[in-house]
Structures are given as C-alpha cells and as structure tokens.
Amino acid sequence: MSDEPSTPWERPAETMADQAAPPDVPIGKPVLNVIDIVAGYIPEVNILNGCNLTVKEGEFVGIIGPNGAGKSTLLKAILGQCDIRSGSVHLGDRDITGHKAHELVALGVGYVPQNRNVFPSLTVKENLEMGCFLARRRFAERFEYVTTLFPRLAERSSQRTGALSGGERQMVAMARALMMEPSVLLLDEPSAGLSPSLQDQVFVRCRRINQEGVAILMVEQNARRCLQVVHRGYVLDQGRNAYTGTGRALLSDPNVIELYLGTLAKASGG
C-alpha cells in the first residue's frame with residue numbers, strides 16, 4: 001500500500017511526540033489467550049513453535065520480530081487460517097481454536113489484514129455496510145461511531161474506495177473492522193506502505209481506538225514506534241517468544257536493542 005504525501009491522514013490533536021508508552025498495563029480478564037501454539041502451512045513444517053500470548057480487556061499489545069519470525073502467522077493461527085498442530089486459542093472463556101474468521105467476527109474479533117483490506121470497487125459507505133453485514137440494523141449507530149473516529153470517512157462516504165489515498169484506505173479498513181463492535185481488534189502491520197508522518201498518525205489513531213475500550217493486538221514492522229504506544233509487547237524469533245514485557249521495558253532492554261531494534265529499524269526503513 002502506498003500513499004500520496006499531499007493527502008493527509010486524519011489529524012488528531014495529539015501526535016507521537018506528545019505520547020510516551022502507556023504507564024500502566026490494564027488490570028482485567030484475558031480477552032484473548034494463545035497457549036503453546038504450534039502451527040504452520042505445510043505438513044511437518046512448523047512456523048510457530050510453542051507461542052504464548054495474552055491480551056487483557058482494554059489492553060494494547062504489540063508483536064515485533066525479524067522477518068520470518070511468525071508474526072503474521074500468529075494472527076492467522078488465531079483466525080483459523082493455518083493448521084494448528086497443538087495448543088489452543090481462547091476468546092474469553094471460549095475455546096476458538098480453528099474457528100474460521102467469519103465465525104470469529106460474530107464472536108467479537110475484528111481483523112485488518114495488511115493487504116487487500118478494502119473493496120476498491122465499492123464506496124466507503126458500502127465498505128462499512130459490508131463490515132456490519134451480520135447486524136444490519138445497527139449500521140446507522142455504528143456508522144456514526146466510526147465517523148467520529150475518522151471524520152474524513154463521512155466526507156468521502158460516496159467515493160469509491162479504490163480512488164482514495166493509501167492513508168484513507170487504511171481508515172476504511174480499520175473502520176470496517178470496528179463496525180461489529182469487537183472486543184479485540186487484530187491489526188497486521190497497519191503502517192505498511194505509508195509515509196513516516198502517516199505511520200505516526202496510524203499509531204495515534206490506534207491509541208485512540210484502544211482508549212475507547214477496544215483491546216488491540218498489533219503486528220508491526222516499525223518496532224520502536226510500536227513499543228512507544230503499546231502497553232505490552234512480544235518479541236518473536238523463529239516462531240517462539242524471545243522477550244516479553246511492557247513497551248517501555250522492551251524499548252530500554254539492552255538485549256532487545258542490540259538484537260532486534262537496530263536490525264528491525266533498518267529493515268523497515270524507520
């Protein structure tokens with residue numbers, strides 16, 4: 001996804017420069033719990049080798065790591081899009097291991113993939129209607145909600161999404177995932193392909209969504225920016241948990257800095 005520098009993202013009052021990592025990790029029940037997941041796409045070839053992850057109610061959690069570490073595969077395992085060979089995934093008290101993505105939407109899981117995350121031939125409003133197809137009667141209420149988060153979408157509601165800038169398309173994708181009022185939102189590299197200034201606005205907007213009460217699990221290539229905004233982070237390497245801690249702690253951990261942050265910054269151009 002690319003973006004035209006002349007077309008701004010939404011402009012929230014706060015900026016990345018105004019924000020430090022959230023000071024306190026929310027104290028709540030786990031809304032999403034991944035336990036000892038071993039998974040992959042090809043028989044006898046595992047991408048994940050015993051991953052564990054927890055997202056609490058109201059928490060913002062980030063996943064970073066080198067290319068090929070299994071970050072996006074972890075999201076796909078949660079969404080039932082790859083073969084889980086052992087371990088389990090729980091949404092609250094419900095075992096959702098192997099459930100398909102459309103089933104999880106009804107249970108309160110929102111998902112924004114990195115690619116092909118909008119219907120380009122449909123208008124903005126039609127994209128949002130697709131996000132609310134399981135609860136059509138709630139469309140007006142949810143449309144009002146997401147356009148308070150993304151006012152530009154109200155202005156662009158009759159435009160075809162394929163004609164929008166990359167930043168605006170990302171707004172549509174995130175807004176559509178929020179239409180069913182999810183309890184947890186999964187984001188796969190939401191800043192990919194955007195200019196640095198627009199990337200910062202993505203993170204600011206994610207923080208605001210989280211402050212509205214939506215738990216977020218975000219895979220992100222821009223490791224430093226990710227750790228600046230999340231409550232907690234996980235560093236994956238070779239399909240395993242290498243490090244975990246608060247965003248602030250991981251940012252200052254000498255091992256994480258030496259082994260990951262410098263390398264990941266070069267890889268992402270950050």
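Okay, one term before anything else: when I say a residue is buried, I mean under 20% relative accessible area. And keep in mind throughout that this is a predicted model.

So let's start with strand 3, residues 60-64, where 5 of 5 residues are buried. In a regular strand, side chains alternate between the two faces of the sheet. Here both faces are covered: F60, G62 and I64 are buried on one side, and V61 and I63 are buried on the other.

Who are the neighbours of strand 3? One is strand 8, residues 215-219, paired in the parallel sense over 4 bridges. Within that pairing, I63 has V219 as its bridge partner. Another is strand 9, residues 232-237, again parallel and again with 4 bridges. There, G62 is bridged to G233.

If you look at the strand 5 end, strand 4, residues 83-91, is joined to strand 5 by 2 bridges. H90 has its bridge partner in strand 5, and that's D95.

The largest pocket holds about 420 Å³ of space. It's lined by 20 residues, and V105, Y111, F133, R176 and A177 are the closest to its centre. Which elements give two or more residues to the lining? Those are helix 2 (101-107), strand 6 (109-112), helix 3 (124-131) and helix 6 (166-178). Helix 2 has the largest share, with 4 residues.

Last item, aromatics. The structure has 2 aromatic pairs. The one I want to show you is Y243 with Y260, which is edge-to-face, at 6.1 Å centre to centre and 75° between the planes. Why edge-to-face? Because the planes are 75° apart, and over 60 degrees counts as edge-to-face. This pair links distant parts of the chain: Y243 is in strand 10 (residues 240-246) and Y260 is in helix 10 (residues 254-268), 17 residues apart.

Buried or partly exposed, then, for these two tyrosines? Y260 is buried, at 7% relative accessibility, while Y243 is partly exposed, with a relative accessible area of 24%.

That's my tour, thanks.

Terms used:
Residues numbered from 1 in each chain as written. Predicted model: local features only at pLDDT ≥ 70, side-chain atom pairs only at ≥ 80, totals over all residues. Heavy atoms only, no water. Phe/Tyr/Trp six-rings, centres within 6.5 Å; stacked < 30°, edge-to-face > 60°. Buried < 20%, exposed > 50% of the residue type's maximum accessible area, 1.4 Å probe, protein only. 1 Å grid on protein atoms, 1.4 Å probe; cavity = no way out; pocket = protein on both sides within 12 Å on 5 of 7 lines; lining within 4 Å. Points joined across faces, edges and corners; volume = space filled by probe spheres on them. Pairing = 2+ DSSP bridges.
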